[in-house]
Amino acid sequence: SKNDGFQLDYLSKLGQVKDTSTRKSLLYHINSKAVESGLETDHLLEQFGCLNLVCQTDYEKIKLNLKSLEEDCKDSLAFVKLASYDNETFKMVNDFLQYAAHKILAMRKVTELVLADFSNLLEWFGIPGHIHSEYTPMTLAQILTNFAKDVQEANIQLSSERNQGRILKKWSAGSMRRSHSSFDLGMKPNVTLSVPIDDQKSFSSSLENVLELAFAEKKRKNESKRVHSKKVSLVDCHGNLI
């Protein structure tokens with residue numbers, strides 16, 4: 001389906017939705033497609049590192065603190081004018097409070113500009129103005145940071161599977177080479193070794209000749225042993241003929 005956008009809260013749910021076959025998250029599949037298309041997501045967490053401080057900063061509390069400081073500074077300036085100080089003390093305290101007032105007003109102005117830019121960012125994300133209060137800088141920074149962490153985990157899983165795939169591919173290639181280099185009788189169970197009929201007679205005759213020669217050799221050795229035993233029996237223990 002074609003959609004113009006999505007809610008930012010969905011980013012935190014991508015890692016929770018899993019398919020029914022491989023039990024891999026929707027974020028894993030999206031990240032896999034992004035990597036295949038040439039988009040680098042390995043350094044997303046590093047690129048979002050600047051948001052770590054925003055995750056810990058409550059801008060609403062900053063606004064309240066600045067407002068309180070502004071009220072305290074105005075009251076102090078009014079009190080100095082009513083107090084009976086000497087000229088030197090009055091000038092020193094008054095100058096300090098005026099300097100503090102300028103700093104407070106500058107911080108208030110910077111905060112207003114930052115929040116105005118943040119409001120423009122929310123509009124760029126397609127978030128309607130009436131729900132901007134639900135997406136504070138801290139909330140949005142936490143959503144994006146957690147999303148970057150989930151992407152990093154998906155990249156680790158994807159890298160691990162690719163390494164396992166390469167190892168399995170190398171193992172399969174080596175196994176195939178070994179199987180081709182050896183004679184596998186199981187591949188051709190019907191193959192039999194046969195001797196041509198014309199050569200069977202000569203092969204049989206040659207085998208008979210070998211057996212006859214072996215038998216004759218064995219007979220000759222037995223006769224030689226018998227003759228030797230007879231000679232030994234005609235000689236006494238001193239080597240004299242009996």
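Predicted model: local features only at pLDDT ≥ 70, side-chain atom pairs only at ≥ 80, totals over all residues.
Local features were considered at pLDDT of at least 70 and side-chain atom pairs only at pLDDT 80 or more, whereas totals for chains, interfaces and linings use all residues. Residues are numbered from 1 along each chain as its sequence is written, and side-chain values use heavy atoms, with hydrogens and water left out.

Helix α1 spans residues 26-36; helices are DSSP runs (H or I, at least four residues), numbered from the N terminus. Within α1, Leu-27, Tyr-28, Asn-31, Ser-32 and Ala-34 are buried, that is, under 20% relative accessible area (1.4 Å probe, protein chains only), with exposed meaning over 50% and partly exposed in between. These residues lie on the same side of α1 because they cover an arc of only 165 degrees around the axis, the arc being that of the directions from the helix axis to the C-beta atoms. The face turned away from the buried side carries the exposed residues Lys-33 and Glu-36. Just after α1, Gly-38 adopts a positive phi of about 100 degrees.

Ile-30, also in α1, counts as partly exposed because its relative accessibility is 42%.

Asn-155 belongs to helix α6 (residues 137-181) and counts as buried because its relative accessibility is 10%. Leaving aside neighbours within four places in sequence, Asn-155 is in contact (heavy atoms within 4.5 Å) with Asn-31, Val-35, Thr-41 and Asp-42. One of these partners, Asn-31, is among the buried residues of α1.

Terms used. Helix = DSSP H or I, 4+ residues; strand = E, 2+ residues; numbered from the N terminus.
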